[in-house]
Amino acid sequence: MKLSQFKFRLPEEQVALYPPHRTFKNEDGTVERIYNRDQGRLMVIHRKRQEIEMYKKDADGKPTDEFLTFRDLVDYFDEGDTFVLNDTKVFPARLYGTKEKTDAQIEVFLLRELNSELRLWDVLVEPARKIRIGNKLFFEDDGPMVAEVIDNTTSRGRTLRFLYDCEHEEFKRELFGLGSTPLPRYIIDNRPLEAEDTENFQTIFARAEGAVTAPATGLHFSRQLMKMMEIRGFNVTYLTVHCGLGCFDSIEVEDLTKHKMSSEQMRITEECCQLVNKTKQEGKRVCTVGVSTTRATETAVGTDGMLKPYDGWTNKFIFPPYDFGLSNSMIANFYHPESTMMMLTAAFGGYDIVFEAYNQAVEKGYMFGCFGDSLLILDD
């Protein structure tokens, strides 16, 4: 398929800058937001029937004028179905330093640690034109955190060596203490970072540190919803994909077969595989939550349709047409035009019906992006 086939007009006001919330105005004029993770809208695609569902139903099964919310997803699954979630944990990856001599402010976005003993990190810098090999960056006015640029990796990519002599765990604490929540650029360019972002940009089940952006669809799950799922007899299992910035990279080629995805580190345990495979063998639903999870399971699924343990990296790029080997249902967010996340969603649900769902989402005022609304795709 071609890049231009994933282009559509997304109104700026439909890009979510905050998670689902209610807004209250205090007497002093300040605005307060009460966040509800599981109260964003949910749209449902029945891919075999080629039907799109947006509204709740009354006692007689007739659609009402009330939109489905994410919490309503429990009504589409049965006891014994299994949800696969990504338990990666976002670390405070965005730092601001000053360049020696010029005092120019430089944004440093941490990607991953390359060598713990030498304190080497793979980073992105902005503005990149000002940062060359040999430059030093200072991260506090009088503090000890200093980094030296030792390599250029891409146009914006650099390798930094942090000149900080202490135990590794202390160094990590100090480094992360200087960082901030790495919200996507399309959010922080349109509103200031807030204290609540630290919690809001983290799933409630995050535990394996290493992501520089959140697995967005997992953000919809609240503790109340997870309890409802437990009561209904749903299974939940976890894998780990340390989400990087590759999903935000703009695609520069019209022919999608020529695009190369950045690699992400992932891990799938034997325990996860056993539960997923048992679910499949019993004829129950396996629902992958989010595009990162779906990419991971497609990386590790065998030719027999069973999930295999995996500990390594994936740069799998999925776009239509694609024959999925593992899950038979999937939850995704609504994503930006021409994004790799939208492409994977279209591959899973079918290009035509997913594109129609996106058109209806724009028309009906659904919200897009990591804090946006969600799409459930069922194989019925």
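Buried means under 20% relative accessible area, exposed means over 50%, and partly exposed is the range in between, with a 1.4 Å probe and protein chains only. Keep that handy for the tour.

What you have open is a predicted model, where local features need pLDDT of at least 70 and side-chain atom pairs count only at pLDDT 80 or more, while totals for chains, interfaces and linings use all residues. Residues are numbered from 1 along each chain as its sequence is written, and side-chain values use heavy atoms, with hydrogens and water left out.

**Stop 1: salt bridges**

Select Arg156 and Glu126. They form a salt bridge (a side-chain nitrogen of Lys or Arg within 4 Å of a carboxyl oxygen of Asp or Glu), with their closest N and O atoms 3.1 Å apart. Arg156 sits in the loop between β13 (146-152) and β14 (157-162), Glu126 in strand β11, and the two are 30 residues apart. Strands here are DSSP runs of E, at least two residues, and helices are runs of H or I, at least four, numbered from the N terminus. Arg156 is partly exposed at 36%, and Glu126 counts as partly exposed at 37%.

Next, pick Asp380 and Arg49, whose closest N and O atoms are 3.9 Å apart in another salt bridge. Asp380 lies in the segment after β21 (374-378) and Arg49 in the loop between β3 (42-46) and β4 (51-53), so this pair ties together parts 331 residues apart in sequence. The structure holds 25 salt bridges.

**Stop 2: the largest pocket**

Centre the view on Leu111, Leu124, Gly244, Leu245 and Gly246, the closest to the pocket's centre among its 39 lining residues. About 1000 Å³ of space lies in this pocket. A pocket is an open set of points on a 1 Å grid over the protein atoms alone, where a 1.4 Å probe fits, with protein on both sides within 12 Å along at least five of seven lines; lining residues have an atom within 4 Å of a point. Colour β10 (105-115) too: it gives the largest share of the lining, 5 residues.

**Stop 3: the second largest pocket**

Now select Tyr35, Asn36, Arg37 and Asp38, which are among the residues lining the second largest pocket. Its space is about 230 Å³. Helices α3 (197-200) and α4 (223-231) each supply at least two lining residues.

**Last stop: Ala206**

Ala206 is in the loop between α3 and β15 (208-211).

Notes:
Grid points are joined across faces, edges and corners, and a volume is the space filled by probe spheres set on the points.
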